Amino acid sequence: MLNKVILIGYAGADSEMKFTAAGIPVANFSLAVKEVYKNGGGEKKTNTLWIRCVAWRRWAEIAGEFVTKGKFLFIEGRLQLRSYEDREGKKHDVTEVVVTLLRLLGPAKNGNGAKPADLSKAGESADESENPFDEPGRETPDQEIPF
């Protein structure tokens, strides 16, 4: 079986970093992913999907430092379903992506001046100039990426 999600989009807000009771860092942020399509009348439409993301340990530290509103991100992870009760005792079900890889793809959409990212500390290659879709012998036309 496989539970893997790959997303490219813009951070909806600055990441929110906290620590568990055991001192483990966890960061939460939302990602806006666009879908562009033509309706039955040939009119171009855009649909934006907001996705909750959660990062743990070193990825949380990186997200806490570099994920700011409008940042263009590549996220790889797995879907997680969880439930919780709010203060009034009402049950909520949440679907989120648990981040296993985070890449900063370029400047923020809103142009905020973020400092350059040095993600080499994460223990994995994080060269921002590297295209995450490059596969040997495969060309990726611009039309495949919806924005």
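Mentor: Begin with a term: a nonpolar core is a set of buried Ala, Val, Leu, Ile, Met, Phe, Trp, Tyr and Cys residues joined through side-chain atoms within 4.5 Å. Buried means under 20% relative accessible area, exposed over 50%, and partly exposed in between, with a 1.4 Å probe and protein chains only. This is a predicted model, in which local features need pLDDT of at least 70 and side-chain atom pairs count only at pLDDT 80 or more, while totals for chains, interfaces and linings use all residues. Residues are numbered from 1 along each chain as its sequence is written, and side-chain values use heavy atoms, with hydrogens and water left out.

Trainee: Which residues of the largest nonpolar core touch the most other members?

Mentor: In soluble globular proteins, nonpolar side chains tend to be buried together. Here the largest nonpolar core has 27 residues, and L7, F29, L73, I75 and L102 touch the most other members. At least two core residues come from each of β1 (5-11), β3 (25-38), β4 (44-56), α1 (57-66), β5 (72-85) and β6 (91-106).

Trainee: Is E96 buried or exposed?

Mentor: E96, in strand β6, has 4% relative accessibility and therefore counts as buried.

Trainee: What does A60 touch, leaving aside residues up to four places away in sequence?

Mentor: Contact means heavy atoms within 4.5 Å. By that rule A60 touches M17, P25, V26, A27 and A55, with residues up to four places away in sequence not counted. A60 is in helix α1 and is buried, at 0% relative accessibility. Between A60 and K18 there are 42 residues in sequence and 8.8 Å in space, C-alpha to C-alpha. R57 is also found in helix α1; although not a glycine, R57 has a positive phi of about 55°.

Trainee: How many salt bridges are there?

Mentor: Side chains of opposite charge can pair when their charged atoms come close. A salt bridge is a side-chain nitrogen of Lys or Arg within 4 Å of a carboxyl oxygen of Asp or Glu, and the count comes to five. One of them joins E76 and K4 at 3.4 Å, N to O. E76 lies in strand β5 and K4 in the segment before β1, so this pair ties together parts that are 72 residues apart in sequence. E76 is buried at 18% relative accessibility, whereas K4 is partly exposed at 48%.

Trainee: Which side chain does K18 meet in a salt bridge?

Mentor: K18 pairs with E16 at 3.1 Å, N to O. K18 is partly exposed at 47% relative accessibility, and E16 is partly exposed with a relative accessible area of 42%. Another salt bridge joins E43 and K45 at 3.8 Å, N to O.

Notes. Helices (H or I, at least four residues) and strands (E, at least two) are DSSP runs, numbered from the N terminus.
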